[in-house]
Amino acid sequence: METEVKEAQGKIISAENPDIVAPADWQPVIMGILCNWCSYAGSDLTGTSRIQYPPNIRIIRVPCSSRVDPWFIIKSLQTTADGVLISGCHPGDCHYISGNYFARRRFLVTKKLLNFVGYHENRVQFSWVSAAEGPKFAKVVAKVTEDIKKLGPLHRYKKENF
Amino acid sequence: MSVFIVETDKAGLQKFYEEIIGKFETYAPVEKFDKYDYKKVSNLSECNPDSPIETTMSLKPLFFPKTAKIMKFQEDSSGTTLSETDEDPLAGSRVILGVKHCDARGLQVLDQVYNWDYIDTDYQKRRINTVIVSTRCDKAGNQCFCTSLDYDVENSDAHDVRIVNGLDGKIYIQGVTEKGEKLIKSSSIQQPASDGAKDELSKHYKAFDASFRLKMNYTEVNAKLQKLFDSPEFETVSSNCISCNTCAFICPTCHCFKISDEKIKDTGVRYKSYDSCNNGYFTLMAGGHNPRPVKYRRWRQRSLHKFVYYKERFGMNLCVGCGHCAISCPVNISIFDVVNQVSKIMQ
Amino acid sequence: MDHSKQIQDIASKLFAENKIDYFVGYRQNAIDDSQVPYLISDPAEIPRLVFTDRSVFNLANYLKPEHTRRKRVGLVVKGCDSRALNLMLTESQVKRENVYIIGICCEGVLNEKGEKAQNCIECVMPDAVVYDEMIGTPTGKREYIVNADIKELATIALEKRADYFEDIFSNCIRCNACRHSCPLCYCAKCCIDQETSTLYHGANTSSGAMHALMTWSLHLAGRCVDCRNCEKACPSHLPLHLLHKQNESVIYENFQQHLAGMEKDDRGAFYKYSLSDPDDFIL
Amino acid sequence: MARVGVFVCYCGANIADFIDVPAVVEEAKKIKEVKISVLYKYMCSDPGQGMIRDAIVQNRLTSVVVAACSPRMHEKTFRKALSDAGMNPYMLEVANIREHSSWVHQKDKKAATEKANDLIRMAIAKSIANEQLHEISVPVTKRALVIGGGIAGIQAALDIADARIPVTLVEKSPSIGGRMAQLDETFPTLDCSQCILTPKMVDVASHPYIELIPYSEVIELDGYVGNYKAKIKKKASYVDFSSCTGCGACTQKCPVKVPNEFNMNIDKRKAIYTPFPQAVPNKPVIDATHCTMLLKGKCGICAKVCEKGSINFKMVDEVIEREVGAVVIATGYDLWDPKPYEEYGVGRYKDIITSLEFERMVSASGPTNGVPIRPSDGKVPKNVVFIKCIGSRDEAKGIEYCSKICCMYTAKHAILLHHKVHDSHAYIFYMDIRAAGKGYEEFVKRAQVETAATYLRGRVSKIYKKGDKLMVRGEDAQIGQVVEVEADLVVLATAVIAPKDNPSLARLLGVSYDKYGYMSEAHPKLRPVETAKAGIFLAGCTQAPKDIPDTVAQASACAAKVCGLFAGDTLKKDPMVSTINNEFCSGCQNCVKVCPYQAIVTEEIPLGHGSKELRTVAKINEGVCQGCGSCVAICRSMAINLAGFTDPQIINEIVAI
């Protein structure tokens, strides 16, 4: 998909807003916030299994998805990131018993609110990846990267110009 | 005080405005979210400078913006490098239309503090390059008390050009300063006013002055307040206040600001933004001491700064009587009521 | 709806019995027919107390520690106000024994234009949910209506909506009147004001305003009672209710029809969870 | 001013092949705070660590970033290196450039290098905001509390006490022994339950390190690991145990007869009773719900016959407190009531009994002296039908899970029936035979071959009465036909369920429980005896159905955990716990609500400096906090921060790239 655009236009055109055009070699930055016990361990497993995925994600380790305050997301989008991926343990598997249940509620409301004020829903994504799901982590990152590449560079509410 | 006056009619005034918009970067009251603010306009139809409109924000943001970059910094292995911001305070000259006189007077008050021990060059540049065209109010608003204060509204030079909708149906365009005179002369409206114009203007002023609901004896209030630092009345008058800061942010003369740095990766910007003395943390010191932790002390500071201290230092009252604060206050507290009520105790 | 007389009577009684130090009600504004919150400690002021459909401001705001810490307060609450008060009680900001609550069965208040306010048209609970004394006839809980503005905005294209909100955020002057007028923003020091925190957005930039308003609305998500004090206080007339109503509708729809402050000991949707919460948005 | 050292690892070829390591090292040097940036083949090796140690000293570093493999791998190693160089070990940050970059972007060296640069930048930025942290030490009260005196509780108590750690054993009923005391013989060896249990019970009573508190319940537990304070309610027994000799005169003379729950209500006991002859302690208690003296003030015979004057009708419940460092929960199990099986005529036909009733009957010391009888007419049954999975594996009427022990005890019952009534025949309806365990399959074989029990695979659809017999109609799935068996007695292998008090107990102890009411372990595989609350452990069926060997093994595992916990004078804990900034806390207590460990309490502090007025703020108990950060994210005033993952650290990471 993305290569088609490249060949046709010589550049990437945002699916969100056709006015936003990026050079063909533009690479999005995705902020990945992973819980230590499941998703971070899962991403380590992706590494040990040498499963390849797009190199756009930058990973922050937190103890639990419940440590993620919605402003991490907003701050990332305003400053450095074109998209955010947050990943935690599957429901019921939380190392801290109930953390991801609280987090799940916040995530839903945050995601909808961000969409409401004008972020494309694919800009912020969530996943449950267990410590055993190395392949799933690679798949999730590939999907999120693909989604955000289609959307083009994030131009809304960026600190430098808003 | 220039006495250069031209007279015209509705159509002429329209033309006058249109010519200005065509020639200069022009600002005028524009409606947004059910209220007016001075915004850049490119067409007369976008705004309505004919009659003075109560804007929420005064002229202040056009000279002292709600936030401004004051410098940039860059960090690398050699340390931190400081540099000028790429923001130009004001590229060319600009004209502001439809200004209320009190807003313009606010700038004169601000001039004092910005030309004091530190000269704010950005502010100066914006001031010099701006021509202010005010429209004389025909009638006082509910919260207005500009005529009760320490300055002469009729003979003010706070604005460069004054437009008066004469009681005789004529419209008078009066150049008050050299800048203003030049602006009028550069336009196609050139009919000099008849001899009666001056009378007409003062008649208009008298009618305007008579329409005020609020009047105070400024000299008396000022004198009394000087002795009322310990008045318990400040506690009573501030009891309703919810410390929301609105009054200070929208005040044409409040000029307190804070400095903050924001850094992304290796580069950062230092900002200067509005702050308010009504904010409980305004006077919080690094060691944890706060000389004004309670509401009434902050109100006392605000009232006395406006009506006593600034006058002592700069010879001008820090309140221009525009009533913006009372209009915007969610619980309708007016500085007029506060100083009057406090000084009443002295009788 | 004119309960002025009853409220005056109750206030006199409370002062006479020395049950309260302060009474918070409304008085007529001197210049128009709007009303102003009125905090009194002197029974002589009681005759000025009024209550009509212009009694708009949520008086629970005056229970914030800054105003009346550890004082015994009598106050008047409408349905929405009482929900905010309920949360303040649950969140230990107000001691129940310190407040004497006059609950109103509200028939809706008017906006500046003299029309019934939008939040009153969409009100779910006009009757006070916590009170010592009730005035009026309870009409009970009403069906939840999704805010009309939210519905409309949801139909607008994403980019258009983003433009609209960019306008809102860039018109914010960061005076924080919204926060100060909100009864539920009682924090000892707001997170956006903490110089020690790196979240601190001292600069009044639009992006800072966006961050601050978004964070604020998320801190009120599942707690906001739609009294719209914030909106009335906003000098820039920003439609702040949009953010809150958006969160409220998402929460109502997804989390067991949760509405803030309806029950005692309910702390809001983010402080509990259900195993059956929606999971389909998660990869 | 921060002084950061960056140490980039080649990891042999693992990193160097896919990332331009020298370029990464140079890139790091561009950052203001970086004072040294070097590379080495294996940073985790001794020379690699030596390099870090030397650099710390020479460059007066304030924090260290190691760009290497996952922090989950070598964080501890490098922390130790920091520590050895005299630096606070928590000033370390690890940039994971192997698992997160070189191994997953092997086809794009440029992108992998860029990503490594960013990850290192983030780690540097985070490390600048790192704070010096110190391991938390928590004092320990070396006493264990064991709740429940069944075989699990007995075993745990004995094992702990043998390590010379005092134990308080709390038992709800008048005697320890639990369910195992009710059993006749045990599978798969058929050794007598009483014979192997009672010596242990006596050991408990006589052990110098065990304090046995029978007829009592835990009603409150405060505190945290190493420092719990338990309130125990001793129910009024109306008998002074200290003077009672257990002679039994009172029990003999008591005129009130009530159904004997120990014998599954098959016979009667007195209102003053010991549950069974081998009870420990062997002292009677008065059943206040039946004693006429207590109910109506008439009788008092027991007091008259007691030579020691031990009877005290004025006795009241007493609450005692014990400070303990660890708790073992061993509350056992209950049996499912088969009432919902209406089609079997449960409740209508007297000759349908449960397995435990059968067990009591075949017990030599049981109500029928070891002979199974038909409750309806007292005759000895010849044809006995056993039906398994009553309630178990039955989503519609019972519970979803397998009760695990029924296959085995039903086989045992078939064998015991054969032993007691030689000309009898056992029919067993089953769904599956689950006989995984040492000697279990052989045991089932023994039932099938030696006792010639007829195993019929299929569910029973109906039981009806024909004369004085019960007709059991079921399906034999192996021949695909409906079969009818004429039975003298039907025995239902009812499901094992969690005690009904488990949820309330779990709540008061602050541990979690599952939807069936079983206590939840911290991790189903790796921490099967611990609860999520530190210092509270699980033994036996309170966690899930299990047989005696498993129960004993888990109980001993609990003991090992408790002994491990008490091995030092203090407990050492990771310092990654939440901290509260009182200045910002507004005391809304929402954090208390979301904390999964009850680690947050409230405290009163002066309103202002030197003020007499007080205000409430939250307080973290760092002994209990596990560092999940739930409270941090919900704290609106940002008064809480999580050491090691503070807001400034995370924000620095976010804006670093």
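Domain bounds here come from an automatic or database domain assignment. On that basis, and bearing in mind that this is a predicted model, chain D splits into five pieces: domain 1 (4-128), domain 2 (144-235 + 317-333 + 498-565), domain 3 (249-305), domain 4 (337-496) and domain 5 (574-654). Take domain 1 and domain 5 of chain D, whose C-alpha centres sit 32 Å apart. Where these two touch, domain 1 of chain D puts in five residues and domain 5 of chain D also puts in five residues. On the domain 1 side of that contact, four residues are nonpolar, none is polar and one is charged.

Staying with chain D, helix α2 (residues 21-29) is worth a look. Its buried residues are Val21(D), Val24(D), Glu27(D) and Ala28(D). Viewed down the axis of α2(D), these buried residues fall within an arc of 115°, so they line one face of the helix. As for what the buried residues of α2(D) pack against, the list is β1 (4-9), α1 (13-16), β2 (34-40), β3 (63-68) and α6 (109-128), each of them in chain D.

Helix α6(D) turns up again when chain D meets chain A. In that contact, 36 residues of chain D go up against 33 residues of chain A. On the chain D side, the elements giving two or more residues are α5 (98-102), α6, α18 (630-634) and α19 (647-654). The largest share of that side comes from α6(D), with six residues. Sorted by class, the chain D side that touches chain A has 19 nonpolar, nine polar and eight charged residues.

Chain D also touches chain B, with seven residues from chain D and eight residues from chain B taking part. On the chain B side, β4 (67-76), β5 (79-83) and β10 (257-264) of chain B are the elements that give two or more residues. That side of chain B is made up of one nonpolar, three polar and four charged residues.

Elsewhere in chain B, Cys102(B) belongs to helix α3 (residues 101-114). Is Cys102(B) buried or exposed? A residue counts as buried if 20 or more other C-beta atoms lie within 10 Å of its own. Cys102(B) has 30 other C-beta atoms within 10 Å, so it is buried. Leaving out residues up to four places away in sequence, Cys102(B) touches Cys146(B), Pro252(B), Val320(B), Gly321(B) and Cys322(B). As for Cys144(B), it is 42 residues from Cys102(B) in sequence, with the two C-alpha atoms 9.3 Å apart in space.

That leaves chain C. This chain has 10 helices and six strands. Its radius of gyration is 19 Å, close to the 19 Å that the globule rule gives for 283 residues, so chain C is as compact as a globular protein of that length. The C-alpha trace of chain C spans about 60 × 40 × 40 Å along its principal axes. Of the 283 residues in chain C, 57% are buried. Among contacts in chain C with a separation of 6 or more, 68% are between residues 24 or more positions apart.

Key: Residues are numbered from 1 along each chain as its sequence is written. Chains are lettered from A and ligands numbered from 1 in the order in which they are written. This is a predicted model: local features need pLDDT of at least 70, side-chain atom pairs count only at pLDDT 80 or more; totals for chains, interfaces and linings use all residues. Helices (H or I, at least four residues) and strands (E, at least two) are DSSP runs, numbered from the N terminus. The radius of gyration is taken over C-alpha atoms; the globule rule is 2.2 Å times the number of residues to the power 0.38. A residue is buried if 20 or more other C-beta atoms lie within 10 Å of its own, exposed if 12 or fewer, and partly exposed in between; C-beta atoms are placed from the backbone. Ala, Val, Leu, Ile, Met, Phe, Trp, Tyr, Cys and Pro count as nonpolar, Asp, Glu, Lys and Arg as charged, and the others, Gly among them, as polar. The arc is that of the directions from the helix axis to the C-beta atoms.
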